[in-house]
Amino acid sequence: MKAPFASAAKALFAIPGGPAVDFARPVGEPALAAPDSVSWRVFKNPVALFVGGITAVLLELAEPRVRTGVWAHSSFRADPLTRLKRTGLAAMVTVYGARSVAETMIAGIGRQHARVGGVTPGGEPYQALDVALLDWVQATASFGFLTAYHALVRPLSPADRDRFYAEAAPAARLYGALGAPRSEAEWEAQLAAMLPRLERSPIVLEFLDLMRGTPIAGPLSGLQRPLIRAAVGLVPPEVRDVLALGPDWLPRPLELRLIRAAARWADRAAIPGAPPWEACVRMGLPGDWLYRR
């Protein structure tokens with residue numbers, strides 16, 4: 001199973017015609033997060049990345065300004081899988097890429113965001129570089145990836161969960177998210193403050209239908225719909241209520257057991273050539289160092 005799983009994991013970040021990133025260069029150059037960080041542990045797991053990424057998007061789409069910006073100015077509708085791959089690659093570069101590579105990529109994303117703006121269907125103006133919106137996007141990403149790892153792979157201590165949020169701060173500042181949460185308590189406060197702004201939208205169901213209908217390759221393809229239900233299950237209950245995502249959208253107990261087994265196996269399966277492996281090599285560590293810790 002290891003060979004096809006490795007191919008599928010690499011395929012998560014293979015974008016036809018997209019940028020080719022060498023995570024092994026420049027040799028010795030640190031990333032924005034250190035090799036012994038919680039972030040390096042969490043982001044190496046492709047199951048947590050897939051599930052957590054969907055959770056994050058659901059939270060983003062609950063906010064009307066973010067939702068309009070994402071749906072009107074991205075390729076989610078036309079090519080959702082490639083759009084998610086681009087987001088996944090950006091996350092990999094942010095966490096594992098050499099600092100100079102990450103800074104260059106983030107600056108490019110900022111230039112793209114500078115061109116995104118408009119008015120929501122409700123008549124509210126928005127700009128993608130609005131700090132409040134950048135803070136929400138950063139917060140939902142941190143929450144999604146962390147919670148998926150904590151719930152599906154292995155529990156993390158409160159101290160490690162706080163470390164994960166804090167480790168994202170340097171990258172968040174580069175993205176322009178100046179008020180992104182730096183601890184679990186700050187995330188909870190941000191969620192409580194944002195909750196009155198969140199609203200139900202048919203776009204959320206459209207997104208979920210797209211994710212269910214867009215085949216993913218590899219050994220996890222048979223778990224595609226359970227993985228999507230697991231992502232819905234990680235959305236905070238108060239937000240699920242706002243989005244009207246009822247019990248039918250939640251994972252079944254057997255599905256969760258299968259997903260956890262796959263996620264825990266993936267956490268020990270070193271993948272030569274994948275970003276975590278190459279980043280370890282760049283820093284003078286064995287490629288499978290993260291998987292042996």
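Hi everyone, and thanks for coming. Please keep in mind that what you see is a predicted model.

Let's start with the whole fold. The protein has 16 helices and two strands. Its radius of gyration is 18 Å, close to the 19 Å that the globule rule gives for 293 residues, so the protein is as compact as a globular protein of that length.

Of the 293 residues, 52% count as buried. The protein exposes about 12800 Å², and carbon and sulfur atoms supply 58% of that area. As for charge, there are 33 positive and 26 negative side chains, with the centres of the two sets 6 Å apart.

In soluble globular proteins, nonpolar side chains tend to be buried together. Here, the largest nonpolar core has 81 residues. Which helix gives the most to this core? That would be helix H3, residues 46–61, with 10 residues.

Among the residues with the most contacts inside the core are Trp40, Phe43 and Tyr96. Do have a look at Tyr96 on your screens. Leaving aside residues up to four places away in sequence, Tyr96 touches Trp40 and Phe43, and its other partners include Phe23, Pro275, Pro276, Arg282 and Leu290.

That's my tour, so over to you!

Methods:
Residues are numbered from 1 along each chain as its sequence is written. This is a predicted model: local features need pLDDT of at least 70, side-chain atom pairs count only at pLDDT 80 or more; totals for chains, interfaces and linings use all residues. Side-chain values use heavy atoms; hydrogens and water are left out. A nonpolar core is a set of buried Ala, Val, Leu, Ile, Met, Phe, Trp, Tyr and Cys residues joined through side-chain atoms within 4.5 Å. Buried means under 20% relative accessible area, exposed over 50%, partly exposed in between (1.4 Å probe, protein chains only). Helices (H or I, at least four residues) and strands (E, at least two) are DSSP runs, numbered from the N terminus. Contact means heavy atoms within 4.5 Å. The radius of gyration is taken over C-alpha atoms; the globule rule is 2.2 Å times the number of residues to the power 0.38. Accessible areas come from the Shrake-Rupley method with a 1.4 Å probe; for residues, only the protein chains shown count as cover. Lys and Arg count as positive and Asp and Glu as negative; His and the chain ends are not counted. The place of a charge is taken as NZ of Lys, CZ of Arg, CG of Asp or CD of Glu.
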